[in-house]
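Student: I have a structure open and would like to learn how to read it. Could we go through the features one at a time?

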Amino acid sequence: MTQELLSPKKPPIYRDRLLVSIFSLVVAVDQLTKMLVRAHLHMHESIPTEGVFRFTHTTNTGAIFGIFSDQTLIMTIASFVGVGILLYFYHSHAGSERFVRCSLGLLLGGAVGNLVDRVLMGRVTDFIDVGAWPIFNLADSAIVTGIIILVVLFLFEKEIPKSSRTGSSS
């Protein structure tokens, strides 16, 4: 038995309807919400003005949740590298498991959503303000959710016996 028979053939990434749908939805909703925040809230304005959950318009020149502030160029390069790694992971991963593809759609959508901001404006728009947590956006949420899905999948992935993976009967 060959490896092709053990796992279904994966379509090219641009034909992976599940991954492309999730990716497109994340980028579209992320960019739409950021556009609405920029259009309707002044910088540092919050709606409501008090409370644990608010929409607060701010920007971020660093990474997710505000870490590595004022590192726009480095973060832009890191975003391109991260997208490249995710594309490589998609092509090199043997299986076509639905949750892996969902996770990659979330990760790519989040990375590209924030990358669009970095390239066009030099900073990322953030607006979800929850208590003492750093202000974030939907792209950040997609990235964190995608990472959590991948970690859970790999922690609980059943080990495939070596003889099944290689197709040998020894």
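**Reading the model**

Tutor: Strand E3 (residues 124-130) has 6 of its 7 residues buried, so E3 is largely enclosed by the rest of the structure. Buried means under 20% relative accessible area, exposed means over 50%, and partly exposed is in between, with a 1.4 Å probe and protein chains only. This is a predicted model, in which local features need pLDDT of at least 70 and side-chain atom pairs count only at pLDDT 80 or more, while totals for chains, interfaces and linings use all residues. Residues are numbered from 1 along each chain as its sequence is written, and side-chain values use heavy atoms, with hydrogens and water left out.

Student: How many helices and strands does the chain have, and in what order do the elements run?

Tutor: Helices (H or I, at least four residues) and strands (E, at least two) are DSSP runs, numbered from the N terminus. Here the chain has 6 helices and 3 strands. From the N terminus the order is α-α-β-β-α-α-β-α-α. Of the 170 residues of the chain, 36% count as buried.

Student: How do the strands pair in the sheet?

Tutor: Strands of a sheet pair through backbone hydrogen bonds, either parallel or antiparallel. Two strands are taken as paired if DSSP finds at least two bridges between them. In this model the order E1-E2-E3 makes an open sheet of 3 strands with antiparallel pairing. Strand E1 (46-47) and E3 are the edge strands, each pairing on one side only. Strand E2 (residues 53-60) and E3 are joined in the antiparallel sense over 6 bridges. In E3, Ile128 is the bridge partner of Phe55.

Student: At what angle do helices H2 and H4 pack?

Tutor: Axes are lines fitted to C-alpha atoms, for helices over the stretch in contact, and angles run from 0 to 180 degrees between N-to-C directions. Helix H2 (residues 17-40) and helix H4 (residues 98-121) pack at about 35 degrees, with their axes 8 Å apart. The residues of this contact divide into 13 nonpolar, 6 polar and 6 charged. Ala, Val, Leu, Ile, Met, Phe, Trp, Tyr, Cys and Pro count as nonpolar, Asp, Glu, Lys and Arg as charged, and the others, Gly among them, as polar.

Student: Which residues of H2 are buried, and how many of H4?

Tutor: The buried residues of H2 are Leu19, Ile22, Val26, Val27, Asp30, Gln31, Thr33, Lys34 and Val37. In H4, 17 of the 24 residues are buried, so H4 is largely enclosed by the rest of the structure.

Student: Where is Leu73, and is Leu73 buried or exposed?

Tutor: Leu73 belongs to helix H3 (residues 72-92) and is exposed, with a relative accessible area of 62%. Leu73 and Arg118 are 45 residues apart along the chain, with 8.5 Å between their C-alpha atoms.

Student: What should I look for in the backbone angles?

Tutor: Most residues other than glycine have a negative phi, and most peptide bonds are trans. His44 has a positive phi of about 70 degrees although it is not a glycine. His44 sits in the loop between H2 and E1 and counts as exposed at 58% relative accessibility. The peptide bond from Ile47 to Pro48 is cis, with omega near -15 degrees. Pro48 lies in the loop between E1 and E2.
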